[in-house]
Amino acid sequence: MIQFTTMAETAPSHSTVAPPVSGRIARTEYKVSDDQQDLFALPQRYLDLQREARALAAECADIAARADEADSFDPDVRKRLTASRLTEVVVPAAYGGRFEKVDSLAVTIVREALAAESAHLDSMFGMQGIGSYCISVGGSEELKAEWLPKVARLEAVAALGLTEPHVGSDLKALSTTVVERDGKLVVDGHKSFITNGGDADFYSILAREGDGYSLVLVPAGAPGLRIEHPHQIIAPHVLSDVILENVEVPVGNRIGEPGKGFALVLATLATFRVSVAGAAVGVAQAALDEAVAHAKSREGFGVSLARLGSVPEHLASCWTDIEMARSLTYRAAAASARDARANLHLSSMAKVGATEAAARVVDRSVQIMGRFGLVRGGKLERLYREARPMRIYEGSTEVIFDSLAKQLVKEAP
């Protein structure tokens, strides 16, 4: 991987920055404090976590190509992720997690490292948090105690059931219902394109309840729940439809208050959306690493490919896109860790910015590598396919832009 320096690494203590002096113009000194030097450097605890995640990614390199074509959990990836204990990051410390509360920056840093090597590994990690976060912030003590320690240890696989065959971004149009009847919650509906579907141990299902929408925890083994696999995407995922026919679960399996499920869904998106940006940065970095290695190793017309024609411009553009995306992503993730809901706009910007940047970087990298970037089964070809869905899931670029524009206009003086 290309290594980049931070301000803290390059600036000496109390650096002096001064403009050129000519004639009698006095020299002006600008003092940079130690705090300012560290402004854009990750704190040590995050650097330690980053090293852990990179070590796991490197450990999975030998099985990444196989795993990224799988439509069910790769057992070796699961075993190695479990041994790393990184899934503890997505659960609060009170229930076996790593931090007091789920930390968006920590999740984002891990996903950046994992996605650079394997989309399957990244998804397996990320979905443990996305599928269980509503329990962490809204579930009863009984639900938390029963499920969250298992999520942290990867003993239970989590999934979130939002979209339906005819419902994507407009979740308020969903048709899945839940009613309380004879001391039970009865769920009926059809969820579509559910990540971890078929391998999950439980599903957090968003359903219409009265005039509102509720989240309900449905164990995978509940009678009336069945799995179908009508779709697979260009970058294979663990993906299925989840059909619920008269599925009964205890009333205590309602997550949060009746009719208040949307608030928990929004809390999940606010906390984890920025982590998609982290994964996109990882994909982009991996693509650029492939392109740089190729450009350095080949010659054309008597010169290094890295110095030929438009290749230098492509390489520099990729590097610039990645660094801009990473900077916004880290800023947004840090802000989300402080207050996810208040900083959802930053997370949304980072998600759009980083996923669109990844698309550009991967495309340029393919162009740099030419025919070798198109080889089926090559890493860059895999990254090319993995980058494309990122601009759609967890909020498409167009939907996010529309939401951001509304907020901008509303808050303008």
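How far apart do the C-alpha centres of domain 1 and domain 2 lie? The answer is 23 Å, and the views below start from there. This is a predicted model, in which local features need pLDDT of at least 70, side-chain atom pairs count only at pLDDT 80 or more, and totals for chains, interfaces and linings use all residues. Residues are numbered from 1 along each chain as its sequence is written, and side-chain values use heavy atoms, with hydrogens and water left out.

View 1. The protein chain is split into domain 1 (41-153), domain 2 (158-258) and domain 3 (263-411), with bounds that come from an automatic or database domain assignment.

View 2. A cavity here is a set of points, on a 1 Å grid over the protein atoms alone, where a 1.4 Å probe fits but cannot get out; lining residues have an atom within 4 Å of a point. Among the lining residues are Asp68, Phe73, His120, Met124, Asn196, His237 and Val238. By class, the lining has 5 nonpolar, 4 polar and 1 charged residues (Ala, Val, Leu, Ile, Met, Phe, Trp, Tyr, Cys and Pro count as nonpolar, Asp, Glu, Lys and Arg as charged, and the others, Gly among them, as polar).

**View 3. His120, one of the lining residues.** His120 sits in helix α7 (residues 119-138); helices (H or I, at least four residues) and strands (E, at least two) are DSSP runs, numbered from the N terminus. With 8% relative accessibility, His120 counts as buried (buried means under 20% relative accessible area, exposed over 50%, partly exposed in between, with a 1.4 Å probe and protein chains only). Its side chain reaches the backbone oxygen of Ala67 at 3.3 Å. Leaving out residues up to four places away in sequence, His120 also touches Asp68, Phe73 and Val238, among others.

View 4. Val352 is 45 residues from Thr397 in sequence, yet their C-alpha atoms are 5.6 Å apart. Beyond four places in sequence, Thr397 touches Val352, Glu356 and Arg391.

**View 5. Positive phi at Asp182 and Phe301.** Most residues other than glycine have a negative phi. Asp182, not a glycine, has a positive phi of about 55°. Asp182 is in the loop between β4 (177-181) and β5 (184-195), and counts as exposed at 76% relative accessibility. Phi of Phe301 is also positive, near 55°. Phe301 lies in the loop between β11 (299-300) and β12 (303-304), exposed at 82% relative accessibility.

How values were computed
Polar contact = N/O pair within 3.5 Å; in protein donor to acceptor, adjacent residues only side chain to side chain. Contact = heavy atoms within 4.5 Å. 1 Å grid on protein atoms, 1.4 Å probe; cavity = no way out; pocket = protein on both sides within 12 Å on 5 of 7 lines; lining within 4 Å.
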